[in-house]
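Keep the sequence and the model side by side while you read.

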Amino acid sequence: MEAIQTVLASLSRSSLVRRLLPVGLLAIAAIIITPNYITGAWAWEQPPQTAILSQIRALRDTGLDLPDWQTLEQKTTEIGGHQWSVQAIAPSDGSLPDSDRISPQRPVYLFLRPQADHADQPQVEWVDINGAYDWTTDRLRRIEFSGFASSPTATSSHSVIARYLRGWNLDQTFAVVQWYAWKTGGSASTLDWFLADQAIQWRDRQRQPWVAVSLLIPIEPLGDIEQSRSLAATLGQTVQASLVEQAFTPVATSGEP
Amino acid sequence: MSLKVTSSKLVHSRRAPEMALWGLLLVLYGPLLLHWYDGWLNKSISLEHEYFSHGVIGLPFAAYLLWQRRDRWPQLPSPSLAGSLSGGLLLIFGLALYLSGVPDAINFSLPIVLTGLCLWFKGRAGLTQMGFPLLLVWLATPTQMPYLIAPYTLPLQRFIAGVAGFILFQIGLDVQVEQIYLFVNDRIVEVAPHCAGLKMLFTSLYVGLMLLIWTGTWKARTKVITFGVGIVLLSVSANILRNTFLTLFHGTGNTQAFDWLHESWGGDLYSAGLLGSLVLLLNAIDRWFPGDPSSSLPSPSQEQEC
């Protein structure tokens, strides 16, 4: 140990080493990147992209298919300057035990905003929704559920931490579940998405595709949202899993064996 | 034979490694700086990176400070082992970030490599000597910072929307404020994070820092704090006025005036006016604290006291 220190100390004192070592290091890096001067392939000219952008953008026009739920109506609407898909959904045939309050007359609304372009990042989607509906919101808390992704080869699970709150106006009261969904997780916080995005940038040189989800479950006027918690979690899980399967998993090209 | 002689002469000449160092830095970071400048001047860079467009003037100013300090540099003592080692590690780390190919990491590599070089050659003393130029480079390096702090600016957005709504109400407009939205005649104006004047606030603080360095006022702590608080107040009030006018124009259907202030040279005029008023503010502060000479060097006792 002492020997190493002595060697290091004498190396760093030697003025030739002191002056030439940084030059050497910079020269190595410069040699590695020199081809970029000819090809023009600078990393900043081709920022990482979302591989499945058109696939998730299609959600705006089609909405999302949910198992055991039927879509009564689907349309595209503009909220806060962005295109959202709004879907009215109800249980297919009373198959959900917990959902007797939900009916085609009182449907659940599913709002989806897939990212608009490669550079689009989650911003203030929750404020946008509240602003568009002229709501009073209260009882803000968290709700956690797992998202399952089953592919032919493997089943993986991850957890989603969403916002859970009450939104109401003179006409209606909703239990609201909101989160940003991506392939390997989901969270209401833009910071969590940012970290997931950084991870995939470093690993695969790609961006993390995302969809903002807002679920509006009708409840009694000014009712207690805790009574709808299990339905909210079940439905949230269904939406997350469907998004992973239908939007975030690349559709296999037909030419593949 | 003669080639060998010249090359060994070059290595032993005092200037050669230095020139090679600057040349290599230019090879590595020249194209990156071109990309930054192109993005800042033509607004072709991402929204987050545009926040750092004050680098357009900040980076040349940093280079000027570096040039000014060049004579004192060789006289600094040699660094301690810890100093040069940490510098060397930073240098290697910075270059590794460059080669990673992740755009955000490549941006970070410039200030890290420069800091590493200062530490490697002159240790702590070098860092102190080059503190201001390095700080200006660090603060002009485009990062994702604006994105990360955007969620926390919501209270500021609400405040700006509230005050702008109050002013418009006073001049007799039928205005309603909901969170960060202003409703006038069924038209909506949203005070978005980047509309909350965050970019202008950063630019004002950065230009304020440059003014403090330029005039030497940074040595008087009372003035620095007063100036900093003044910049924040000035920038927030200017932004309230800007949003008030935007809402007024939009709400009354004056699209031409709205576009002029929002996108066209009206916005540039607003920025120039705000930055110009910083100079006036610093002058006023200099007059308020006359016992504290700013442009001349203060005595050590004065520095202690503040």
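## Chain B in outline

Chain B contains 14 helices and 3 strands, where helices (H or I, at least four residues) and strands (E, at least two) are DSSP runs, numbered from the N terminus. The model is predicted, and therefore local features need pLDDT of at least 70 and side-chain atom pairs count only at pLDDT 80 or more, while totals for chains, interfaces and linings use all residues. Residues are numbered from 1 along each chain as its sequence is written, and chains are lettered from A and ligands numbered from 1 in the order in which they are written.

Of the 306 residues in chain B, 34% are buried; a residue is buried if 20 or more other C-beta atoms, placed from the backbone, lie within 10 Å of its own.

## The sheet of chain B

The 3 strands form an open sheet in the order β1-β2-β3 of chain B, with antiparallel pairing; two strands pair if DSSP finds at least two bridges between them. At the edges lie β1 (175–178) and β3 (187–190) of chain B, each of which pairs on one side only.

Between β1(B) and β2 (residues 181–184) of chain B there are 4 bridges, and B:Val177 has B:Leu182 in β2(B) as its bridge partner. Helix α9 (residues 154–170) of chain B lies across β1 and β2 of chain B and runs at about 170 degrees to β1(B), with axes being lines fitted to C-alpha atoms, for helices over the stretch in contact, and angles running from 0 to 180 degrees between N-to-C directions.

## Nonpolar cores

A nonpolar core is a set of buried Ala, Val, Leu, Ile, Met, Phe, Trp, Tyr and Cys residues joined through C-beta atoms within 7 Å. The largest one has 48 residues, and A:Val211, A:Leu215 and A:Ile217 have the most contacts inside it. A second, separate core of 29 residues includes B:Leu28, B:Ile112, B:Cys118 and B:Leu136.

## Where the chains touch

The contact between the chains takes 32 residues from chain A and 33 residues from chain B; two residues are in contact if their C-beta atoms, placed from the backbone, lie within 7 Å. On the side of chain A that touches chain B, α2(A) gives the most, with 11 residues. That side divides into 21 nonpolar, 8 polar and 3 charged residues, where Ala, Val, Leu, Ile, Met, Phe, Trp, Tyr, Cys and Pro count as nonpolar, Asp, Glu, Lys and Arg as charged, and the others, Gly among them, as polar.

Terms used. Buried ≥ 20, exposed ≤ 12 C-beta atoms within 10 Å, placed from the backbone.
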